Every structure is written in C-alpha cells, then in structure tokens.
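Work through the following exercises with the sequence and the model at hand. Each task is followed by a stepwise solution.

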Amino acid sequence: MASRQELRERQEEPEHPVRATDEDVEVEREEGAPEPAELDPETRERRDAAMRLIRRFGDPVLRATAVPVERFDDRLEAELARMGELMHDALGIGLAATQLGVLHRALVFRTDPEEPITALVNPVLEWTSEELEVAEEGCLSLPGVHVEVERPARVRVRGQDSAGEQLMIEAEGLRARVIQHEIDHLDGVLILDRISKQERKEAMRAMREAQEEESAA
C-alpha cells in the first residue's frame, strides 16, 4: 500500500511525466492527502516490473493459507529482502509473501518513508481494540479496486524477525491497518471478503475496467 504523500516525496522532476492514479498503487488514503504525484519514466518502469511479479485476483495462491516459517536462514533473509524491494518498487507500504506465490507466513511493511522496512515472520494478532475505524483500502493484487474497510483501530502483534528473534509490535492508525491487511493475505482473505455483496459487485466492475485499460495501453 502507498500513501499519496509518499508518492509525492519520491517524485523527481521528469522530462515527460506520467501521473500516478489510484489504479496505479495500493492505497491507504488518509483524509486530506494530496493528489497522486507524477511518476518519472524510471520509477514507472520499476513499478511495472514489480507489478508483473505480484499475483492478481483469480490466482489460487491468494486464497491459500500460508504455513509457518520454521527455518531462519540466508534463504529466508534473501526472500524477505526481495519482498521489501518489490514492495518499494511497486510503490507499496505492505506486501505479503503469498502475493508473490510463496506460502510462508511472512510480510513486510513500511508506512513512514523515513523508517526502515519491517519484516514480520509468523505474525499473530494477540489483541485488537474494541474501537473500530473505517478507511479506504486498495490492493496490489486487485488493480482498480478501492473500498471502505472496517478494522480495529489498534492492534498488538507477536511474531519474529528475519533471524527468528521474537518481535512484539503495538500499532495504531495506518500502521495497524496495513498489518491487518497483510495478515489477511496470509490467511487467504481479501478486502473483497470484508465488504457487502453490492460493494463487491462494484469493485469487480472497477477491476475489469482497470484490466481493460491496462490491456488497451
């Protein structure tokens, strides 16, 4: 997922700019967020290359349940580093292993561009607040889809880092939402499952239109 502000901060002064639209990025839009920034050709090329590696709606792996990671070795370290790179190149702020066709319970996220990417392995939601918040979410695996999703406003998550050391993360707001979104992916749950039947129909139509525009381009 990528905030509009993060896109704006990443932009350069392109000779032939291309504007990023909501269909281009996995979005957690915040109230009052600026319009999408213009992408320079190099950024657009990196993004398109990353998006070709991300599984899309209809791929059965997106409905699979990821299995716990048991081996913490160089291979896992490389896998998590690759996930972080692809998330960055796709202009995302969160990515689950299953979105790359890997059935490991692992995710990466970064909601603040000034912070390092966090890798979270074998995440478990230990606590969620009774207070709920509704915000718009998009998904790199569901191009063109942006829907209002209700989730707990605060969470506490237990997991491990890339070396197997225990992690405990307490999060709220956007950070909490991103973590919950990515854990859903590891359980085979999509944002389409968290909305009404009518909203799902509208989302599917938007996704078809986005795919048609992409094919035409």
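Helices (H or I, at least four residues) and strands (E, at least two) are DSSP runs, numbered from the N terminus. The model is predicted: local features need pLDDT of at least 70, side-chain atom pairs count only at pLDDT 80 or more, and totals for chains, interfaces and linings use all residues. Residues are numbered from 1 along each chain as its sequence is written, and side-chain values use heavy atoms, with hydrogens and water left out.

**Exercise 1.** Describe the extent and the ends of helix H3.

*Solution.* Step 1: H3 covers residues 74-89, 16 residues in total, and its first and last C-alpha atoms lie 22 Å apart, close to the 22 Å expected (1.5 Å times one less than the number of residues).
Step 2: At the start of H3, the backbone nitrogen of Arg 75 has a side-chain oxygen of Asp 73 within 3.2 Å.
Step 3: After H3 comes Leu 91, with a positive phi near 65 degrees.

**Exercise 2.** Determine which residues of H3 are buried and what covers them.

*Solution.* Step 1: The buried residues (under 20% relative accessible area, 1.4 Å probe, protein chains only) are Leu 76, Glu 79, Leu 80, Met 83, Gly 84, Leu 86 and Met 87.
Step 2: Viewed down the axis of H3, these buried residues fall within an arc of 165 degrees (taken from the directions from the helix axis to the C-beta atoms), so they line one face of the helix.
Step 3: The face turned away from that buried side carries Asp 74, Arg 75 and Glu 85, which are exposed (over 50%).
Step 4: The cover over the buried residues includes helix H2 (41-51) and strands S3 (94-96), S4 (106-109) and S5 (118-128).

Key. Contact means heavy atoms within 4.5 Å. A polar contact is a pair of N or O atoms within 3.5 Å; within protein, one must be able to donate a hydrogen and the other to accept it, and residues adjacent in sequence count only if both atoms are side-chain atoms.
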